[in-house]
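Morning, everyone. Let me put the structure up, and then I'll go through the packing.

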Amino acid sequence: AVDARVTRFVEAVDRVRSALPAWADKADLTGLVTEVRRIADLRKHTDALTIEAEASFFSYTQIIQQMIRTADNGTETIREPSIARALDAYDHLMQGKEAAGQERAVGSLILAHGRADLDLYRRFMELGATQKVMFDAYALTAPNGLGAVLRETLGGETVKRHEAVRWWIVE
């Protein structure tokens, strides 16, 4: 299933790349495709437990950072306002989701060790704050009522329990 999604994503990026005007810088999209193609191989190593957790985390983070970089750069070069706004909203959503993933990883590390140094606790709290800022920005800028969907999703009991766990980890 992952391989099929990667293939569809690469095909979509290739369609976008081919539709860009000649003046557009396509290097970010090329870099993105290169990074995304690594997912299938990375998944195989993860499933076979032949990659260390830290290396896996670093690899996935690199892929996501390339996606965010591509979206950031795209919002600066796209001349159609509605597309630029939608891409900007998506960029905020990706950054919020990445902060959430990193927060889970850091929180798991703190729980596994039972303690952590001040810098790790600080990073954990920064990631929570980053999520809020990015998800709020998405909710304000997302097209077609998608911001309301996110607000509804993040307003439920699950998020309240998540907040409680976040504070429990810090205490």
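Which residues does Gln131 touch, not counting residues up to four places away in sequence? Gly96, Ala99, Ala100, Glu103 and Arg166. Keep that list in mind. Before I go on, note that this is a predicted model.

Where does Gln131 sit? In helix α5, residues 118–141. Its relative accessibility is 8%, so Gln131 counts as buried. The cut-off for buried is under 20%.

Now the overall picture. The protein has seven helices and zero strands. Along the sequence the pattern reads α-α-α-α-α-α-α. There are 171 residues, and buried ones make up 30% of them. The C-alpha atoms fill a box of roughly 55 × 40 × 30 Å, taken along the principal axes. Residues 24 or more positions apart account for 58% of them.

On to helix pairs. Two packed helices are described by the angle between their axes and the distance between the axes.

Start with α1 and α2. Their packing angle is about 175°, and the axes are 10 Å apart. The cut-off for roughly antiparallel is over 145 degrees, so α1 is roughly antiparallel to α2. From α1, the contact takes in Val2, Asp3, Val6, Phe9, Val10, Val13, Asp14, Val16 and Arg17. From α2, it takes in Leu29, Thr30, Leu32, Val33, Val36, Arg37, Ile39, Ala40 and Arg43. By class, the contact of α1 with α2 has twelve nonpolar, one polar and five charged residues.

The largest nonpolar core comes next. Which residues make it up? Ten in all: Val6, Val10, Val13, Leu29, Leu32, Val33, Val36, Ile39, Leu42 and Ile63. Two elements give two or more residues to this core, α1 (2–19) and α2 (27–47). The most comes from α2, with six residues.

Take one member of the core, Val33. What is Val33 in contact with, leaving aside its neighbours within four places in sequence? Val10, Val13, Asp14 and Arg17.

Helix α4 covers residues 81–113, and helix α7 covers residues 157–170. They pack at about 45°, with axes 10 Å apart. That angle makes α4 oblique to α7. The crossing of this pair is left-handed. On the α4 side, the contact is made by Glu103, Gly107, Ile110 and Leu111. On the α7 side, it is made by His162, Arg166, Trp168 and Ile169. By class, the contact of α4 with α7 has four nonpolar, two polar and two charged residues.

Back to Gln131 for a moment. Glu103 and Arg166 are among the residues Gln131 touches. Glu103 also belongs to the α4 side of the contact with α7, and Arg166 to the α7 side.

Helix α6 runs over residues 146–154. The angle here is about 140°, with the axes 6 Å apart. That makes α5 oblique to α6. The crossing is left-handed. Phe135, Tyr138, Ala139 and Leu140 make the contact from α5. Leu146, Gly147, Leu150, Arg151 and Leu154 make it from α6. By class, the contact of α5 with α6 has seven nonpolar, one polar and one charged residues.

What about the loop between α5 and α6? Pro143 is found there. Is Pro143 buried, exposed or partly exposed? Its relative accessibility is 32%, so Pro143 counts as partly exposed. Not counting residues up to four places away in sequence, Pro143 touches Ala86 and Ala89. Pro143 and Asp28 are 115 residues apart in sequence, and C-alpha to C-alpha they are 24 Å apart in space.

With a relative accessible area of 27%, Asp72 is partly exposed. Which residues does Asp72 touch, not counting those up to four places away in sequence? Asp91 and Gln95. Compare a pair by distance. Asp72 and Thr50 are 22 residues apart in sequence and 33 Å apart in space, C-alpha to C-alpha.

That's my set. Happy to go back to any of the pairs.

Technical notes. Residues are numbered from 1 along each chain as its sequence is written. This is a predicted model: local features need pLDDT of at least 70, side-chain atom pairs count only at pLDDT 80 or more; totals for chains, interfaces and linings use all residues. Side-chain values use heavy atoms; hydrogens and water are left out. Axes are lines fitted to C-alpha atoms, for helices over the stretch in contact, and angles run from 0 to 180 degrees between N-to-C directions. Helices (H or I, at least four residues) and strands (E, at least two) are DSSP runs, numbered from the N terminus. Angles under 35 degrees count as roughly parallel, over 145 as roughly antiparallel, 65 to 115 as roughly perpendicular and the rest as oblique. A crossing is left-handed if the near helix is turned anticlockwise from the far one by less than a right angle, and right-handed if clockwise. Contact means heavy atoms within 4.5 Å. Ala, Val, Leu, Ile, Met, Phe, Trp, Tyr, Cys and Pro count as nonpolar, Asp, Glu, Lys and Arg as charged, and the others, Gly among them, as polar. Buried means under 20% relative accessible area, exposed over 50%, partly exposed in between (1.4 Å probe, protein chains only). A nonpolar core is a set of buried Ala, Val, Leu, Ile, Met, Phe, Trp, Tyr and Cys residues joined through side-chain atoms within 4.5 Å.
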